[in-house]
Every structure is written in C-alpha cells, then in structure tokens.
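Subject: Structure handover

Hello,

Here is the structure you were waiting for. My notes on it follow below.

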Amino acid sequence: MKKASSLCELGFDANGASSGFFRPVSDDATPTSHRRRLTKVSVIGAGNVGMAIAQTILTRDLADEIALVDALPDKLRGEMLDLQHAAAFLPRTRLVSDTDISITRGSDLAIVTAGARQIPGETRLNLLQRNVSLFRKIVPALAEHSPDAILLIVSNPVDILTYVAWKLSGFPVSRVIGSGTNLDSSRFRFLLAEHLDVNAQDVQAYMVGEHGDSSVAIWSTVSVAGMPVLRSLQESHSSFDEEALESIRRAVVNSAYEVISLKGYTSWAIGYSVANLVSSILRDQRRIHPVSVLATGFHGIADDHEVFLSLPARLGRGGVLGVADMELTEEEARRLRQSAKTLWENSQLLGL
C-alpha cells in the first residue's frame, strides 16, 4: 500500500467526509469563511536547530500553519510525519513540507536556519562565502513568495547573514531580524540567577554586539528587582574584579561550544529562544529583545557602516518597532564599536 500522511493520499474521498458526523445548523448550510486571519510561519532548514524551533512554535500554539523546507526530501518528510503523528496531543496546526521554497508562499514570518557546516581546516571566511551563496538562492525566493513577511535569520554567522538577507531581500530594515544575542543573554541571565539564587526571568541582563567572540556583557545595567547587581556583588565579594567579569563573559561565549562538544550540536535553547522572538513578533507583544538589527549611528558606530549587531529592540507585528539607545560606560561603548568594526570588515569582503 502507498505510504501516505493522509487518508486522501491513500485513495479515500475527502469530499463531504464530515457530513456523517455533523448536522447543518440551518437550511443554508454553506460554510462561512474563517473570519480570523490565519498565521503562517515557515522554517527553512529542517536540521536539529530548525526542528527544535518548529517543535517549540508548535507546542506553544504560535502559528496556524507551519511550512518546513529542506534539501533532503526523505528527512524532511520524516520530520513532518513525526510531528503530524502527535496531532492528538497538540493545538490544531497545519503542517506542510517541501523541498521547493514555494511552499512558504504567504508566510507572515520566515525563519532561516539553513547553512553550510564548517569543514575541518576551512576558514571562517570560506564558510561565510558558502553560506552567502546559499542565501542567494533562498532569500530572493522567500521575498518573492512572501513579500510582506518578516525574515528572522538564525543561520551563523548570524549578524553578517542578517546583513546579507537584508541586501538580498530588498525588505525594509524593520522586517529583517537576526536572532543575535537573545540566547547569549539568556545564558548570561542563567549564570547570574544561579549565583544569586533567583529565577532567571527576574534578572535583567544583556549581551550585545556580535553573536560570537566579540560580544559585550553590559554589566552596568544588570539588575534584579530594580537593584543594580554589579555594585552589590562588588561590595559583598572582592573577587568580582575586571578579570572575573571577563571570565564570566567568556563563559557565556564558550557555553555553546561546550554543548556542541558534549552532544554534537545545540538545539533546545535556540529553539526556545527563537520561539520567544516569534511570540513577541506575531502576538505584537512589544517586548524588548537583544537581536541583530542595523546598528548604524548607535554608540559611535559610523554612519556609513551598514552593520548588523545585537542591541535591545522592541519587537511587534511590524518587526523591529524601535531600538533602545542604552546608556553604556565608555569601556562598554568602546567594546561595542570594536565588535561592530569586526563585523563591518567581514561584511565588506562579501561585495554586496
């Protein structure tokens, strides 16, 4: 018998299939159109990260339809079927998949996780060039099929690829967002929360700049219940000097590498992080997230440098609704500008 995901594909006629179960409520039984606008999210890349994102979006009931796209048809179909078979335990969400990106047509939000993996001995620039070539195929097609969508880039190096997506899509800058340091900030908050014995949700702390080695921990604004944390820690623990703060920053930056070395990849945390962004965007929550946005003119970054890096941004149904102009110390601003310089120099090598 033919393998299929629905009774229709097995040859059963679907026309009027529900008529034996439900009696019309009036003589005029013509179904009315659904009045609520349905929400469609597409995930491009069905690897570990893409599927963790799709699964979290599904369980949090953030979309009416999820479209999955990947270059490997068998794996893609297997992932879709695996989620579809949980339908009895989940909110009603339509799941579709295809290797053809046209399946994303009409998306409200398109999440790109697809990307080449680094080959041993390969330089970061060579990896970047391969991912740019991939984005040249993906992004214009996404823009064509969903011209009103918001693009959320997760593929690494995320800041530069967000810049690439912006250039290739032709979308306004408010509708091209990188996942940036949203997850880095969660890792930062987790470490502080463990030390202070509080819930991580009650810790206000940001990592900004590059999602990578040059990211900046903004210690000057870390707080719990409105109380500045750094001053309290330095008053109660003489060990919290500049060297200790840098050690904590490095621990945050290296935490992903630790997970990768232990299990081979990261997935769950980025899945929750991106679903958190999806919720803020599609539900128009106006929440503040450190995500990769066009940072030109912020904190002394040159006006002619079209560089994307993470800053606290207000997210809603229109995408980026505003970017917070944080009060930074001179040292924090200097480090942020250095992070921007690193990203700008890499971006210039792409010739976009």
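Let me begin close to the end of the chain. S347 is found in helix 9, which covers residues 330-348. Keep in mind that this is a predicted model. S347 has a relative accessible area of 3%, under the 20% cut-off, so it counts as buried. Which residues does S347 contact, leaving aside its neighbours within four places in sequence? They are I160 and Y163. S347 and I160 are 187 residues apart in sequence, yet their C-alpha atoms are 6.2 Å apart in space.

Now the chain as a whole. Its secondary structure comes to nine helices and 14 strands. Of its 352 residues, 46% are buried. Take the contacts with a separation of 6 or more: 70% of them join residues 24 or more positions apart.

The largest nonpolar core has 78 residues. I57, I111 and V278 have the most contacts inside this core. Helix 3 (residues 124-145) gives the most to it, with eight residues. A second, separate core has 16 residues, including F188, M207, L230 and V252.

V278 is worth a look on screen. Not counting residues up to four places away in sequence, V278 touches I57, L62, L109, I111, L152 and R283.

Then the annotated site. UniProt, in an unreviewed entry, places the feature "binding site" at G45, A46, G47, N48, V49, G50, D70, N131, V154, S155 and N156. In the model, the lining of the largest pocket includes G45, A46, G47, N48, V49, G50, D70, N131, V154, S155 and N156.

Two of these site residues have notes of their own.

- G50 sits in helix 1 (residues 48-59). Its relative accessibility is 0%, so G50 counts as buried. Beyond its neighbours within four places in sequence, G50 is in contact with V43, G45 and T113.
- V154 sits in the loop between strand 5 (150-153) and helix 4 (158-169). V154 is buried too, because its relative accessible area is 8%, under the 20% limit. Not counting residues up to four places away in sequence, V154 touches V49, I53, I111, V112, T113, S179, I270 and V274.

Which residues of helix 1 are buried? They are G50, M51, A52, I53, A54, T56, I57 and L58. The buried residues of helix 1 pack against strand 1 (40-44), strand 2 (65-69), helix 2 (73-84), strand 3 (94-98), strand 4 (109-112) and helix 8 (268-282). After helix 1 comes D61, with a positive phi near 55°.

One last residue. S223 is in strand 10 (residues 223-224). Is S223 buried or exposed? Its relative accessible area is 15%, so S223 is buried. Leaving aside its neighbours within four places in sequence, S223 is in contact with D202, V203, Q204, P228 and V229.

Best wishes

Key: Residues numbered from 1 in each chain as written. Predicted model: local features only at pLDDT ≥ 70, side-chain atom pairs only at ≥ 80, totals over all residues. Heavy atoms only, no water. Core = buried A, V, L, I, M, F, W, Y, C linked by side-chain atoms within 4.5 Å. Buried < 20%, exposed > 50% of the residue type's maximum accessible area, 1.4 Å probe, protein only. Helix = DSSP H or I, 4+ residues; strand = E, 2+ residues; numbered from the N terminus. Contact = heavy atoms within 4.5 Å. UniProt positions renumbered as here; feature names shortened; annotations may be inferred. 1 Å grid on protein atoms, 1.4 Å probe; cavity = no way out; pocket = protein on both sides within 12 Å on 5 of 7 lines; lining within 4 Å.
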